[in-house]
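I opened this notebook to record what I looked up in the model, entry by entry.

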Amino acid sequence: APTLEDLTPPLIAREEGRKPKGTLPRLRVVHRLDKETSGLVVFARTVAAERGLGKQFHAHTVVRRYLTVVPGFVPPQRIDRRLVRDRGDSRRGVTDNPDDGKEAVTLVDVGERLPGYTLLSCRLETGRTHQIRIHLASLGHPVCGDKVYCHLPNGEVRPDPSGAPRLALHAVELGFKHPVTHE
């Protein structure tokens, strides 16, 4: 199946009034999403832009906000839990040991309370792999449709009554300085 990296260059050429013929300039992937996550991604069109944006992502200065739906009610909060690659059952997870893992901070706000669920707005202060999914699952509220972080440490699967066909996680906001103009 074609990827965004395949589909986007011809669309840019058409938008700029050029005929997409021959080899088009490649896009450089700066930010990506988990396979089942929808929403905004960032591509750079030049090496300078790729480097500038990459530095911002690395320094955690890019504003990244996601919407998600979880079962139950999750109050507004700051989740500051260290993430580990293996919580002991070959799955990523959280640890309270300050000597293990990497710092991960997610700011959670309530978008809307729904019958049996909560629509959350999650802003990342850090950007670790599966951070939102792991943080919410560690609170006992895995993202609806999540087939990975629905497992408890004992291997038992936490049921997902939502019936969501995919991960209910959407990247809704990306804020950064333009790497060339600094706007």
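In which sense do strand E2 and E10 pair, and over how many bridges? I found that E2 (residues 38-39) and E10 pair in the parallel sense, over two bridges. I worked throughout with a predicted model, in which local features need pLDDT of at least 70 and side-chain atom pairs count only at pLDDT 80 or more, while totals for chains, interfaces and linings use all residues. Residues are numbered from 1 along each chain as its sequence is written, and side-chain values use heavy atoms, with hydrogens and water left out.

**Entry 1: strands.** I took helices (H or I, at least four residues) and strands (E, at least two) as DSSP runs numbered from the N terminus. I counted two strands as paired if DSSP finds at least two bridges between them. E4 and E10 run antiparallel and are joined by six bridges. Arg64 stands opposite Leu174 in E10.

**Entry 2: helix H1.** I noted that H1 (residues 4-15) has twelve residues and reaches 16 Å from its first C-alpha to its last. This is close to the 16 Å expected at 1.5 Å a residue, the expected span being 1.5 Å times one less than the number of residues. I then checked burial (buried is under 20% relative accessible area, exposed over 50%, partly exposed in between; 1.4 Å probe, protein chains only). Thr8, Pro9, Ile12 and Ala13 are the residues I recorded as buried in H1. Seen down the axis of H1, the buried residues fall within an arc of 130°, so they line one face of the helix; the arc is that of the directions from the helix axis to the C-beta atoms. Arg14 and Glu15 are exposed, on the face of H1 turned away from its buried side. Strand E3 (42-44) is included in what covers the buried residues of H1. After H1 comes Gly17, whose phi is positive, near 80°.

**Entry 3: cores.** I defined a nonpolar core as a set of buried Ala, Val, Leu, Ile, Met, Phe, Trp, Tyr and Cys residues joined through side-chain atoms within 4.5 Å. The largest has 14 residues, and those touching the most other members are Tyr66, Val108, Leu120, Cys122, Ile132, Leu136 and Leu169. At least two residues of this core come from each of strand E4 (63-71), strand E9 (117-124), helix H3 (131-138) and strand E10 (169-175). E9 gives the most, with three residues. For contact I required heavy atoms within 4.5 Å. Leaving aside neighbours within four places in sequence, I found Ile132 in contact with Tyr66, Thr106, Cys122, Leu124 and Leu169. Apart from this core lies another, of seven residues, including Val42, Ala49, Leu53 and Val62.

**Entry 4: salt bridges.** My criterion was a side-chain nitrogen of Lys or Arg within 4 Å of a carboxyl oxygen of Asp or Glu. By this rule I count nine salt bridges. One joins Glu173 and Arg65 at 2.8 Å, N to O. This pair links distant parts of the chain, with Glu173 in strand E10 and Arg65 in strand E4, 108 residues apart. Glu173 is partly exposed at 31%, and Arg65 is partly exposed at 27%. Another salt bridge joins Arg81 and Asp96 at 3.1 Å, N to O. Arg81 lies in the loop between E5 and E6 and Asp96 in the loop between E7 and E8, so the pair ties together parts 15 residues apart in sequence.
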